[in-house]
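Here are my notes on the model you passed along.

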Amino acid sequence: MTRKKPDTENDDELDDEGSLFRQAVRGARPLQRDFVEVVRQRPPPRAMFRRRDDESVLRESLDGEIDDLEMLAGERLQFRRPEIGERTLRRLARGRYSVQDELDLHGLTAAEAESALRDFINECLKRDYRCVRIVHGKGLGSGNRGPVLKPSVNHWLRRWREVLAFASARQIDGGSGAVYVLLARAL
């Protein structure tokens, strides 16, 4: 490999820089070829279940019925599965079915109420009860935030396939602060 003579001033400058570099590294020795083990740092800790919890909250908020948005403390609740006729729902709302057991959720937090309601419904199914009453209250003590248990009970009962229908109770049985629940027969 032959080196060309500098033709221009730029080449002279490059050659000068090259000689300056060689002078600067004249006493340097090459590194040994031993490989250095790279220590990998652990990733910073993060909440593993936060994303799942956030997704769960979003999913629950999207699962709600439009009727829930219109429901206020005095509104009546009604729901029936497609296989249940309007006549059956009307009879339920008028208190024509014999109430075989009752659960009062007053004073419970939403989490406690959901657990108690689930246990109650499962026990009623085991006993082959057909109609029960759930007292959730009207939410009058909840202040500005409105009822807490009422919309939650509305949502939970709709999720369980064993619940065929429900309707707000007659005034004498709690009115819009309670619901009659029609349960499926045990198989």
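**Notes on the fold**

1. Let's start with a helix on the sheet. Touching, or contact, means heavy atoms within 4.5 Å.

2. Some housekeeping. This is a predicted model, where local features need pLDDT of at least 70 and side-chain atom pairs count only at pLDDT 80 or more, while totals for chains, interfaces and linings use all residues. Residues are numbered from 1 along each chain as its sequence is written, and side-chain values use heavy atoms, leaving out hydrogens and water.

3. The chain has six helices and five strands, in the order α-α-α-β-α-β-α-β-α-β-β from the N terminus. These are DSSP runs numbered from the N terminus: helices are H or I with at least four residues, strands are E with at least two.

4. Now the individual pairings. β2 and β3 are parallel, with four bridges, and D101 has V132 as its bridge partner in β3. β3 and β5 are antiparallel over five bridges; there, C131 stands opposite L182 in β5. β4 and β5 also run antiparallel, joined by five bridges, with F166 opposite V181 in β5.

5. The unit made by β2, α5 and β3 is a right-handed β-α-β. Right-handed means that, with the strands pointing away from the viewer, the path from the first strand over the helix to the second runs clockwise.

6. Why is β3 described as largely enclosed by the rest of the structure? Because five of its five residues are buried, meaning under 20% relative accessible area with a 1.4 Å probe, protein chains only (exposed is over 50%, partly exposed in between). Both faces are covered: C131, R133 and V135 are buried on one side, V132 and I134 on the other.

7. α6 is also largely enclosed by the rest of the structure, because nine of its eleven residues are buried. Have a look at that list: K150, H155 and R158 are among them, along with L149, V153, W156 and L157.

8. The largest nonpolar core has 23 residues, and L117, I134, L157, F166, V181 and L183 have the most contacts inside it. A core here is a set of buried Ala, Val, Leu, Ile, Met, Phe, Trp, Tyr and Cys residues joined through side-chain atoms within 4.5 Å. α5 (110–126), β3 (131–135), α6 (149–159), β4 (163–168) and β5 (178–183) each give it two or more residues, and the largest share, six residues, comes from α5. Leaving aside residues up to four places away in sequence, I134 touches L103, L105, L117, F120, V153, G177, A178, V179 and V181.

9. Overall, 29% of the chain's 187 residues count as buried. Of the contacts between residues at least 6 apart in sequence, 70% join residues at least 24 apart.

Technical notes. Pairing = 2+ DSSP bridges.
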